[in-house]
Amino acid sequence: MKINNFAPDFSLKNLAGQEINLSDFRGSGVIINFWKISCSYCKQEMPFFEAAYLKNKTLPDSIKVLMINITESQSLIEQFMEDNHYTFPVLLDTTGAIGQIYNANYIPITYFINAEGIIKAIKFGAFSSQTDFDNQLDKIY
């Protein structure tokens, strides 16, 4: 996985049980974040993703946010989302296979993909600030 390579397509279920494919979002920029509830750094950066999701969710062809949870139970994730009032979409990588394809051996890891499906930035580790997040986000426009 390198900057300026195509992001590999995948298919995962969301919390509602719907199958979601990365290729469904071609034509829009996409942020993909791999995370776990058990990761304290992952939890620290969640507000940045929620803000990006809320800002873009009603705009056509806007940035899409896909939060991919690796191997944790759906009930645990649903409780976490409810407790923290997060509304961004969560995809379930129940086996960790997609995380392996995307080199998510250490989390959090975030990919910024442009409308053509090309990886424009990769952030290893957590974002330290909204500015740090926004600087990476700007790369997919």
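Predicted model: local features only at pLDDT ≥ 70, side-chain atom pairs only at ≥ 80, totals over all residues.
Q: Let's start with the inside. Which residues of the largest nonpolar core touch the most other members?

A: Happy to. In soluble globular proteins, nonpolar side chains tend to be buried together. Here the largest nonpolar core has 26 residues, and Ile31, Trp35, Phe88 and Phe133 touch the most other members. Two or more residues each come from strand 3 (30-35), helix 1 (40-56), strand 4 (64-70), helix 2 (74-84), strand 5 (90-93) and helix 4 (130-137). Helix 1 gives the largest share, six residues. Another core, of 20 residues, lies apart from this one and includes Ala104, Ile113, Ile119 and Ile122.

Q: What does tryptophan 35 touch, beyond residues up to four places away in sequence?

A: Its list is Cys42, Met46, Met67, Ile68, Asn69, Ile70, Ile77, Phe80, Val90 and Ile107.

Q: Is threonine 110 buried or exposed?

A: A residue counts as buried under 20% relative accessible area. Threonine 110 has 0%, so it is buried. This residue belongs to strand 6 (residues 109-113). The side chains of threonine 110 and asparagine 33 are joined by a polar contact of 2.7 Å. Asparagine 33 therefore has a polar contact with threonine 110, which is buried, and another with glutamate 45. Beyond four places in sequence, the contacts of threonine 110 include Ile31, Phe49, Ala121 and Lys123.

Q: How do I read a helix that has a buried side? Which residues of helix 2 are buried?

A: An α-helix has 3.6 residues a turn, so residues three or four places apart point the same way. In helix 2 the buried residues are Ile77, Phe80 and Met81. Viewed down the helix axis they fall within an arc of 95°, so they line one face. Their cover includes strand 3, helix 1, strand 4 and strand 5. On the face turned away from the buried side are the exposed residues Ser75 and Glu82.

Q: And what happens just after helix 2?

A: There, histidine 85 takes a positive phi of about 60°.

Technical notes:
Residues numbered from 1 in each chain as written. Heavy atoms only, no water. Core = buried A, V, L, I, M, F, W, Y, C linked by side-chain atoms within 4.5 Å. Buried < 20%, exposed > 50% of the residue type's maximum accessible area, 1.4 Å probe, protein only. Helix = DSSP H or I, 4+ residues; strand = E, 2+ residues; numbered from the N terminus. Contact = heavy atoms within 4.5 Å. Polar contact = N/O pair within 3.5 Å; in protein donor to acceptor, adjacent residues only side chain to side chain. Arc of directions from axis to C-beta.
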